[in-house]
Amino acid sequence: TFHNCVFNRCSFKKGFLGSSDLFGKSGEYSGCQFLNCDLTAVNFQSPIIDHCLFKDCNLNETDFDGSIISNTKFIGVLDSCFFRGHFKFSGASLLSFFGRHNQKKKVNKMLNVDFSEAKLIGVLFENEIDLSHSIFPEGDDYAYLNNLTDTVVSVKEEVLQWIDPEEQRIA
């Protein structure tokens, strides 16, 4: 397990790193390449990931929990991955309670994160994450909805105004 380690311009090739919190507890990955690595169910807990490349890796249930990601490119399939605006247990720690450590202050701004050559399947973006500076694949398979709750309410109101009850049911 790597805890608070710094990796600068390293290449991880065809490594099996799956099912662990191998990259847990902070750390930094700058200019690193992950090539054909198995990162299945790896839990990245709050590291800084900057100027990195994830190419043709097995990113299945990979949790980028609280990672600060910028200037990074993903190529290949991302299946059931998690990206969050801040660590999922922000505020749940006793250290946070006493004001000594607040993970919510570490915000994942997703600056220049490029998914344009990735296939996203069931990927979850949550906890106040801002995706406005990220690049996503183009095409009919993807839709970017800002403020999902308001969008769903607006669509529901529109559908209820339709005359045909069968079309309402299908929608």
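Predicted model: local features only at pLDDT ≥ 70, side-chain atom pairs only at ≥ 80, totals over all residues.
1. The partner of Asp63 is Arg84, and their closest N and O atoms are 2.5 Å apart in a salt bridge. Arg84 also counts as buried, at 5% relative accessibility.

2. Where do these two residues sit?

3. Arg84 has another partner to look at: its side chain meets that of Glu126 in a salt bridge (2.8 Å, N to O). Glu126 lies in strand 13 (residues 124–126), so this pair ties together parts that are 42 residues apart in sequence. Glu126 is partly exposed, with a relative accessible area of 27%. Through shared partners, salt bridges join Asp63, Asp65, Arg84 and Glu126 into one network.

4. Elsewhere, Glu117 forms a salt bridge with Lys73, with 3.1 Å between the closest N and O atoms. Glu117 is in strand 12 and Lys73 in strand 10, 44 residues apart.

5. Now for the nonpolar side. The largest nonpolar core has 29 residues, and Phe54, Phe74, Leu78 and Phe83 touch the most other members. Strand 12 gives the most to this core, with three residues. Beyond its sequence neighbours within four places, Phe83 is in contact with residues including Phe64, Phe115 and Glu126.

6. Finally, the sheet: four strands pair in parallel in the order 1-3-5-9, forming an open sheet. Strand 1 (6–8) and strand 9 (68–70) are the edges. Phe7 stands opposite Tyr29 in strand 3.

Conventions
Residues numbered from 1 in each chain as written. Heavy atoms only, no water. Pairing = 2+ DSSP bridges. Helix = DSSP H or I, 4+ residues; strand = E, 2+ residues; numbered from the N terminus. Core = buried A, V, L, I, M, F, W, Y, C linked by side-chain atoms within 4.5 Å. Buried < 20%, exposed > 50% of the residue type's maximum accessible area, 1.4 Å probe, protein only. Contact = heavy atoms within 4.5 Å. Salt bridge = Lys/Arg side-chain N within 4 Å of Asp/Glu carboxyl O.
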